[in-house]
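This note collects points for a colleague examining the model shown below. Please read the points alongside the sequence and the coordinates.

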Amino acid sequence: MTSSDQREAACACGQLRIRLAGEPRLVSSCHCFACQRRTGAVFGSTSFFGRDQVVAIEGERRAFRRQGDSGTWLTFQFCPICGSSDFWESERSPNMLSDAVGAFADPTFPAPVRTVWTATKHERLPFPEDIVRHRENPT
């Protein structure tokens with residue numbers, strides 16, 4: 001596999017990095033209050049990769065575990081130097097790994113195909129009409 005077949009995400013200081021093979025299986029935006037707090041933005045944008053797509057994780061990391069608005073427990077891996085949360089795991093999807101789209105720093109990254117937790121979405125924030133919307137988290 002060549003490096004062009006891989007994507008790399010990193011924390012703000014570059015110390016914690018994850019390399020993933022291929023394309024994400026899903027890209028989604030989330031408007032839950034927990035994602036708003038995690039990102040400091042009005043929504044989070046998440047990519048989902050299979051664990052089999054993880055090529056390497058490099059750098060020191062710390063874990064933070066919290067319960068999502070859906071009730072599912074999530075474990076976030078973050079950089080102990082800059083504090084960026086780079087990727088996380090969900091007990092609901094043990095074979096998947098989620099990564100913040102912004103951590104890839106790639107304007108050509110695939111766009112979200114859905115948006116979740118629209119019940120707490122900021123009304124002034126427009127989203128394209130062709131994106132599937134879920135009031136809460138889909139089952």
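**Notes on the predicted model**

1. Strands β1 and β2 (residues 17–21) run antiparallel and are joined by five bridges. Strands here are DSSP runs of E with at least two residues and helices are runs of H or I with at least four, numbered from the N terminus; two strands pair if DSSP finds at least two bridges between them. Within this pairing, alanine 10 stands opposite arginine 17 of β2.

2. The model is predicted, so local features need pLDDT of at least 70 and side-chain atom pairs count only at pLDDT 80 or more, whereas totals for chains, interfaces and linings use all residues. Residues are numbered from 1 along each chain as its sequence is written, and side-chain values use heavy atoms, with hydrogens and water left out.

3. The order β1-β2-β5 describes an open sheet of three strands with antiparallel pairing. Because β1 (6–10) and β5 (54–58) stand at the edges with a single partner strand each, one side of each has no neighbour in the sheet.

4. The protein chain contains one helix and 11 strands, and from the N terminus its elements follow the order β-β-β-α-β-β-β-β-β-β-β-β. Its radius of gyration is 15 Å, close to the 14 Å of the globule rule for 139 residues, so the chain is as compact as a globular protein of that length. The radius is taken over C-alpha atoms, and the rule is 2.2 Å times the number of residues to the power 0.38.

5. Of the 139 residues in the protein chain, 42% are buried, meaning under 20% relative accessible area with a 1.4 Å probe, protein chains only (exposed is over 50%, partly exposed in between). Among contacts (heavy atoms within 4.5 Å) with a separation of 6 or more, 55% link residues 24 or more positions apart.

6. Serine 29 belongs to strand β3 (residues 26–30) and is buried, at a relative accessible area of 1%. Beyond residues up to four places away in sequence, serine 29 touches several residues, including Phe43, Pro112, Arg114 and Phe127.

7. Glutamate 91 is located in the loop between β8 (85–90) and β9 (96–100). Neighbours within four places aside, glutamate 91 is in contact with Arg65, Thr72 and Trp73. Its side chain makes a polar contact with that of arginine 65 at 2.6 Å; such a contact is a pair of N or O atoms within 3.5 Å, and within protein one must be able to donate a hydrogen and the other to accept it, with residues adjacent in sequence counting only if both atoms are side-chain atoms.
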